Amino acid sequence: MYKWLLLGIVLALEVGCLGPSLSLVPSICLGPPFPWETSRSFQQALRSEPESEALERARIDYLLERISKSPYNFLRNGSRYTGKQAGTHFRWKYFLNRGRVKTAQEFIDKVTTRSKRSGWPYQIQFPDRRRYPLRPLLLQELNFFDQTLEKKRRLTAEVREKAP
């Protein structure tokens, strides 16, 4: 029994599903592990300068990518939508708010937190019918993205230092 619990914790750590506190209760993910090496948004972030507009755009694109590829349902104004439909909707809302949304944090707060029409929070629904607000999940995804980006940059810098 403990073997399986330990294996579950290790797998959750590997795919980034545990929150920063590393509690034994796993956080919820938007979907399966993310293919960092093939992600256009992640590669763009690697090429961007820290704290640049390009980096913020890559962070927003990553969130949109995660939503669009999520196998779960998204709830908006009482209706259920696929990840692809939700991603399209949020991309459209981002386009409409592009002058007021400069950072990934603003994107989460102003675009993906709640419906402007009804005021209801956006939610994600899992196959077992559990529902969660979308905002904390996106903050968790963004945190994991930033941690992975920092690790990759550090690793790349170490390899360059060791090269002749």
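**Ground rules.** I am working on a predicted model, in which local features need pLDDT of at least 70 and side-chain atom pairs count only at pLDDT 80 or more, while totals for chains, interfaces and linings use all residues. I number residues from 1 along each chain as its sequence is written, and side-chain values use heavy atoms, with hydrogens and water left out.

**Overall fold.** I looked up the secondary structure and found six helices and four strands, where helices (H or I, at least four residues) and strands (E, at least two) are DSSP runs numbered from the N terminus. Along the sequence I read the pattern α-α-α-β-β-α-α-β-β-α. Of the 164 residues, 39% count as buried; buried means under 20% relative accessible area, exposed over 50%, and partly exposed in between, with a 1.4 Å probe and protein chains only. The accessible surface comes to about 10,600 Å², and 58% of that belongs to carbon and sulfur atoms; such areas come from the Shrake-Rupley method with a 1.4 Å probe, and for residues only the protein chains shown count as cover. I also looked up contacts (heavy atoms within 4.5 Å), and among those between residues at least 6 apart in sequence, 59% join residues at least 24 apart.

**Helix α3 and its partners.** For the packing values, axes are lines fitted to C-alpha atoms, for helices over the stretch in contact, and angles run from 0 to 180 degrees between N-to-C directions. Angles under 35 degrees count as roughly parallel, over 145 as roughly antiparallel, 65 to 115 as roughly perpendicular, and the rest as oblique.

I began with α2 (residues 40–47) against α3 (residues 53–68), which pack at an angle of about 165° with their axes 8 Å apart. That angle makes α2 roughly antiparallel to α3. The crossing of α2 and α3 is left-handed, a term used if the near helix is turned anticlockwise from the far one by less than a right angle, with right-handed used if clockwise. On the α2 side I noted Arg40, Ser41, Gln44 and Ala45, which meet Ala54, Leu55, Ala58, Asp61, Tyr62 and Glu65 in α3. By class, this contact of α2 with α3 has five nonpolar, two polar and three charged residues; Ala, Val, Leu, Ile, Met, Phe, Trp, Tyr, Cys and Pro count as nonpolar, Asp, Glu, Lys and Arg as charged, and the others, Gly among them, as polar.

Next I took α3 with α6 (residues 134–162), where the angle is about 125° and the axes are 10 Å apart. That makes α3 oblique to α6, and α3 passes α6 in a right-handed crossing. The α3 residues making this contact include Leu55, Tyr62 and Ile67, and those of α6 include Leu138, Phe145 and Leu149. By class, I noted nine nonpolar, no polar and five charged residues in the contact of α3 with α6.

The class count for the contact of α3 with α4 is six nonpolar, three polar and four charged residues.

**Positive phi.** Most residues other than glycine have a negative phi, and I looked up two entries against that background. Asn77, not a glycine, has a positive phi of about 50°; Asn77 lies in the loop between β1 (73–76) and β2 (79–81), and counts as buried at 18% relative accessibility. Arg129 has a phi near 75° and sits in the loop between β3 (123–125) and β4 (131–133), but Arg129 is exposed, with a relative accessible area of 55%.

Thr148 lies in α6 and is buried, with a relative accessible area of 14%. Lys93 lies in α4 and is buried at a relative accessible area of 8%. With neighbours within four places set aside, Lys93 is in contact with Lys110, Val111, Arg114, Lys116 and Tyr122, and the C-alpha atoms of Lys93 and Val111 are 6.2 Å apart at 18 residues apart in sequence.
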